[in-house]
Amino acid sequence: MADQGGEVDTNQILERPPQKQSDAKNEPASDIVDLCSEAFKKTAEYIMEELSGTVEDYKLLETMNKVTVSKYAEMKGSAHDIGCALQELNEKYTNLQPFLEQIDSIEESVNTLEKAAYRLDAYSKRLEAKFKSLEKR
Amino acid sequence: MYSSSWNQETKLKLNDKVSASVNDMGSLIRHVVRSSKSPEMLGQAARNFCSQEHYIQNSSETLMKMGLIKAQFEFQQSAIERSVSSLEEIQDQLKTIQR
């Protein structure tokens with residue numbers, strides 16, 4: 001765009017026509033500023049995406065760690081419950097010990113009774129046989 | 001004419017320079033990430049986690065089975081306690097028979 005003297009002003013070629021000359025000397029064009037901001041924003045996004053791979057690895061490890069922590073907490077609770085219950089069972093078994101000894105003595109008595117019953121049965125059969133033989137005479 | 005071609009050349013050079021700067025930045029970031037060896041270490045950590053998962057699952061199942069066995073023990077123990085109450089009567093009957 002040529003000025004009134006016919007000479008070409010380089011600054012005016014580089015600038016947009018609607019802008020005033022005073023503004024053009026002090027500040028760049030607003031759309032160029034916008035384009036620069038956009039360019040820097042995109043560059044920042046590009047750099048962030050380059051680093052996002054490592055960030056995703058860390059997030060994965062964090063998730064896996066949290067799941068493992070919850071699993072271990074659950075197992076800890078189960079183990080604790082089982083431990084308490086087994087302690088109670090041991091105490092109850094200790095309290096039952098005299099009764100178990102009574103059961104053992106009862107079993108011995110019953111075995112003795114059973115043997116006596118077998119002997120009695122055999123004696124009664126011998127008696128029956130002898131009585132029958134005497135009857136036949 | 002000369003100024004317009006100079007302007008065009010300046011724009012092309014600026015464009016190339018900006019592209020080169022952005023590519024250099026990307027290369028620098030990639031180099032920093034690679035030299036820190038964090039992808040290898042993180043991958044190894046994830047693999048170790050996965051290898052332990054089988055053992056953790058087995059331990060969890062074993063604990064569940066132990067819980068079931070504990071419950072069965074408790075049922076049996078309560079049944080024994082109920083049966084123990086009739087021991088005295090049985091002993092009395094045995095003493096009577098033994099006389």
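## Basis and salt bridges

A salt bridge is taken as a side-chain nitrogen of Lys or Arg within 4 Å of a carboxyl oxygen of Asp or Glu. By this rule, one salt bridge is counted between chain B and chain A, and eight are counted over all chains. This is a predicted model, in which local features need pLDDT of at least 70 and side-chain atom pairs count only at pLDDT 80 or more, while totals for chains, interfaces and linings use all residues. Residues are numbered from 1 along each chain as its sequence is written, chains are lettered from A and ligands numbered from 1 in the order in which they are written, and side-chain values use heavy atoms, with hydrogens and water left out.

Side chains of opposite charge can pair when their charged atoms come close. Between the chains, B:Arg30 pairs with A:Glu50 at 2.9 Å, N to O. Within chain A, the side chains of A:Glu38 and A:Lys42 form a salt bridge at 3.3 Å, N to O. A:Glu38 and A:Lys42 lie four residues apart in helix H3 of chain A, about one turn of the helix; helices (H or I, at least four residues) are DSSP runs numbered from the N terminus.

## Interface between chains B and A

Contact (heavy atoms within 4.5 Å) links 36 residues of chain B with 34 residues of chain A. Buried area is the accessible area (1.4 Å probe) that two parts lose on being put together, summed over both; here it is about 3,300 Å², of which carbon and sulfur atoms give 79%.

Two residue pairs, both at pLDDT 80 or more, are in polar contact between chain B and chain A. A polar contact is a pair of N or O atoms within 3.5 Å; within protein, one must be able to donate a hydrogen and the other to accept it, and residues adjacent in sequence count only if both atoms are side-chain atoms. On the side of chain B that touches chain A, helix H1 (2-36), H2 and helix H3 (87-98) of chain B each supply at least two residues. H2(B) provides the largest share, 21 residues.

## Second largest pocket

Helix H3 (30-136) of chain A and helix H2 (38-84) of chain B each supply at least two residues of the lining of the second largest pocket. H3(A) gives the most, with six residues. Among the lining residues are A:Tyr93, A:Leu96, B:Phe73 and B:Gln76. A pocket is an open set of points on a 1 Å grid over the protein atoms alone, where a 1.4 Å probe fits, with protein on both sides within 12 Å along at least five of seven lines; lining residues have an atom within 4 Å of a point.
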